[in-house]
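Please keep the sequence and the structure in view while reading.

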Amino acid sequence: MQESDLFTSSDAPRPLPVGLAWLEGFALTWEDALLEAITRVTAAAPLRHLMTPGGQRMSVAMTNCGPLGWISDRCGYRYSALDPQRGEPWPALPAPLREVAVAAARAAGFESFEPDACLINAYTPGARMSLHQDRDERDFNAPIVSVSLGLPAVFLFGGDTRRNRPLRLPLTHGDVVVWGGPARLAFHGVAPVADGQHPRLGRQRINLTLRRAR
Ligand code: MD3
Ligand code: FE
């Protein structure tokens with residue numbers, strides 16, 4: 001029997017890219033505290049659909065917590081200490097969000113990660129994020145920690161160009177991924193979220209990305 005009989009090209013095991021640490025279920029220890037914190041943050045700084053610089057409304061709804069928040073409008077992408085919608089600082093970074101990010105970064109070999117920004121992305125079925133790089137942070141040596149909650153999603157990891165066929169990672173509730181080193185500037189995105197019901201979050205996927213912006 002040939003190897004090609006055992007694995008088609010789409011389900012053959014492929015090694016994870018260098019710089020990416022996938023910690024399945026790592027956030028479940030903090031599940032209740034994270035969901036409570038997200039409810040409090042989104043009550044204070046509501047989720048909203050930002051405009052891209054090109055004038056498109058993003059399908060993902062966003063808000064932030066922590067000293068800095070990521071925003072997009074007709075002028076471009078940037079970090080801001082103020083929520084432009086409320087003219088006030090973003091809500092403080094809740095302790096459990098910082099804790100899970102610091103613990104995950106440490107588990108991935110980043111000993112001194114101190115996030116100063118947390119972007120909260122909310123996906124309803126059909127929402128997606130097209131391939132992009134995260135380049136608005138000052139220091140690309142710091143990793144980005146992402147926490148997936150609610151409905152599952154297929155994360156697309158495109159490597160160093162938009163052209164390569166992206167690797168597909170199925171991320172589910174509680175998964176944490178640490179993106180550092182050579183993966184830090186990789187193109188990445190999220191395929192349209194399939195409809196479903198999550199016992200804790202309903203018809204929704206929430207993704208937290210904890211970042212060192214400055
Ligand atoms: C890989 N969010 O907010 S998180 C984003 O699931 C973003 O909501 C996606 O891409 C989401 O910018 C993916 C995982 C992620 C975040 C940042 C990265 C992967 C990354 C930066 C570099 C490489
Ligand atoms: Fe990104």
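Ligand 1 takes up the space of the largest pocket. A pocket, on a 1 Å grid over the protein atoms alone, is an open set of points where a 1.4 Å probe fits, with protein on both sides within 12 Å along at least five of seven lines. This is a predicted model, in which local features need pLDDT of at least 70 and side-chain atom pairs count only at pLDDT 80 or more, while totals for chains, interfaces and linings use all residues. Residues are numbered from 1 along each chain, chains are lettered from A and ligands numbered from 1 as written, and side-chain values use heavy atoms, without hydrogens and water.

The elements that each give two or more residues to the shell around ligand 1 are β7 (117–123), β8 (129–132), β9 (144–150), β13 (187–190) and β14 (205–211). Strands here are DSSP runs of E with at least two residues, and helices are runs of H or I with at least four, numbered from the N terminus. Strand β14 provides the largest share of this shell, four residues.

In total, 19 residues surround ligand 1, and the closest are N121, Y123, R184, H188 and R205; a residue counts if one of its heavy atoms lies within 4 Å. By class, nine residues of the shell are nonpolar, six are polar and four are charged, where Asp, Glu, Lys and Arg count as charged, Ala, Val, Leu, Ile, Met, Phe, Trp, Tyr, Cys and Pro as nonpolar, and the others, Gly among them, as polar.

Several side chains make polar contacts (pairs of N or O atoms within 3.5 Å) with oxygen atoms of ligand 1. The distance is 2.9 Å for R205, 3.2 Å for H132 and 3.3 Å for N207. Of the 490 Å² of accessible area that ligand 1 has on its own, the protein covers 98%; such areas come from the Shrake-Rupley method with a 1.4 Å probe.

Note on methods:
A polar contact is a pair of N or O atoms within 3.5 Å; within protein, one must be able to donate a hydrogen and the other to accept it, and residues adjacent in sequence count only if both atoms are side-chain atoms. On a 1 Å grid over the protein atoms alone, a cavity is a set of points where a 1.4 Å probe fits but cannot get out, and a pocket is an open set with protein on both sides within 12 Å along at least five of seven lines; lining residues have an atom within 4 Å of a point. A molecule sits in a cavity or pocket if more than half of its atoms lie within 2 Å of its grid points.
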